[in-house]
Amino acid sequence: MDRRDEDVAALEEAVQALPHNLPLRRQLAEALRSAGRPAEALIHLDVVLERAPDDAQALVAAAACLCELGHHAQAQERYQAGVARDATVADAALEGRITRSLGEPRSRIRLVSSGPGAPPAAPPASPEAREGHEGPPRTPGRITFADVGGLDEVKQKIRLRLLYPLQRPELYAAFGQRPGGGLLLYGPPGCGKTFIARATAGEAGSAFIGVGIEEVLDMWLGQSEKRLHEVFQRARAQAPAVLFFDEVDALGGRRSALRHESYRTLVTQFLAELDGAVGGGREALLVLGATNAPWDVDAAFRRPGRFGDVLFVPPPDLRARVEILKLKLAGKPQADIDLAEVARRSELYSGADLVHVVDLACETALVRALEGGGIHPLTTDALLAALARVPPTTREWFVAARNFATYANEAGQYNEVLDYLRRHRLG
């Protein structure tokens, strides 16, 4: 009867009553999209995919929403993932819209695999493809989530905190939610904490303000606090902005372990600035902190309203390792590389480790070329040989993390680390 608003209202009541009914939530998302509200539909589809990541119908529906919102690179990624899981959900019209928007030939690139269970692969995002990505035209050096392999949970949290509120401010205002907030990322070095912070700014088309300890710490009493205040003032003036503190434990260490009163004062100042930035009514200021040693960060930072969400950034999983290798190998001469096999043999490798593996394989190929052998494309064997020379650097971090997760986990803040240790038999 084309009474879409009533349809949406009825489905919203039903989902409120049955929040765990995923088919019902999918139906609400479709009704919202039909009513011209794809951003709201995408929120519900992301809830479905958080609980059922292999739901092919939800993946294709999310691709349709992303396409309507102009996020064509992400739409392609979701669509291909859905079709790879269930070919019956293919939508020729949607696929045509996506490929036309990206300016790519309509072809589906599949991952070469030597065995069953290989993860699906999407084609590497070319510079031309990324021109259709959300936000302002891509500038040289700007990265987005399309450049980040894996980290889906972290990406989704950032979308909910910053990207969706910028796209649908009236929806968030209706629930009394403000854009922005604070997120603390922790995990082994080289696993993408700094990279995803930069990609967040690129995704939103907002300013990125990276803060190193040398920009804050000063030998004169009171100057460090003044510098920190100026950093937050600059970020507020440029909102929407991403304010990123790398190695946040250096500026926000546990006050009980600090010997000098000046450092305690700096930590207190940092906490006060976070209160003003995250909960003080400023719009679209996302404060991201990253640390390899969360146990050295003062507990007051983890209070809701500051770094209210503390997210573990583990080494990339199998699917993410495939994506990272694919992104790093894009544009290089290669011959039917079995990415699934290389990814399977690189468990516990960080993103930085995988980049080093590819660089080492390229270096070997360059040496052969310089010796007069001509250009030899990279092969599976070349990557596996490089892999054998590069041990995973995350093991040392997990040795230290295991002690804290086992003996200093009273509030359950390291439960994710314990789960990871158990799953990978590192405990």
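**A helix across a sheet: a walk through one predicted model**

The angle is taken between N-to-C directions, from 0 to 180 degrees, with axes as lines fitted to C-alpha atoms, for helices over the stretch in contact, and contact means heavy atoms within 4.5 Å. Helices (H or I, at least four residues) and strands (E, at least two) are DSSP runs, numbered from the N terminus.

Before going on, a word about the source: this is a predicted model, in which local features need pLDDT of at least 70 and side-chain atom pairs count only at pLDDT 80 or more, while totals for chains, interfaces and linings use all residues. Residues are numbered from 1 along each chain as its sequence is written, and side-chain values use heavy atoms, with hydrogens and water left out.

The pLDDT, which is the predictor's confidence in each residue on a scale from 0 to 100, has a mean of 79 for the protein chain, and 85% of the residues reach 70 or more. Confidence is highest in helix α16 (residues 380–389), at 94, and lowest in helix α7 (residues 127–130), at a mean of 32. Over residues 104–140 the pLDDT stays under 50, so please read that stretch with care.

What do Y186 and F312 form? They form a tilted aromatic pair, 5.4 Å centre to centre with 35° between the planes. Here rings of Phe, Tyr and Trp (its six-membered ring) pair if their centres lie within 6.5 Å, and planes under 30 degrees apart count as stacked, over 60 as edge-to-face and the rest as tilted. Because Y186 lies in strand β1 (residues 181–186) and F312 in strand β5 (residues 309–312), the pair ties together parts that are 126 residues apart in sequence. Y186 is buried, with a relative accessible area of 1%, and F312 is buried too, at 8%, where buried means under 20% relative accessible area, exposed over 50% and partly exposed in between (1.4 Å probe, protein chains only). Both residues belong to one aromatic cluster, which also includes W295, W397 and F398.

Let us turn to the cores, each a set of buried Ala, Val, Leu, Ile, Met, Phe, Trp, Tyr and Cys residues joined through side-chain atoms within 4.5 Å. The largest nonpolar core has 35 residues, and L28, L42 and Y79 are among those with the most contacts inside it. Helices α1 (4–17), α2 (22–34), α3 (38–51), α4 (56–68), α5 (72–85) and α6 (92–102) each supply at least two of its residues, with the largest share, 11 residues, coming from α4. Apart from this core lies another, of 25 residues, including A241 and F307.

Finally, E323 lies in helix α13 (residues 318–329) and counts as buried at 15% relative accessibility. Leaving aside neighbours within four places in sequence, E323 is in contact with E77, V148, G149 and G150.
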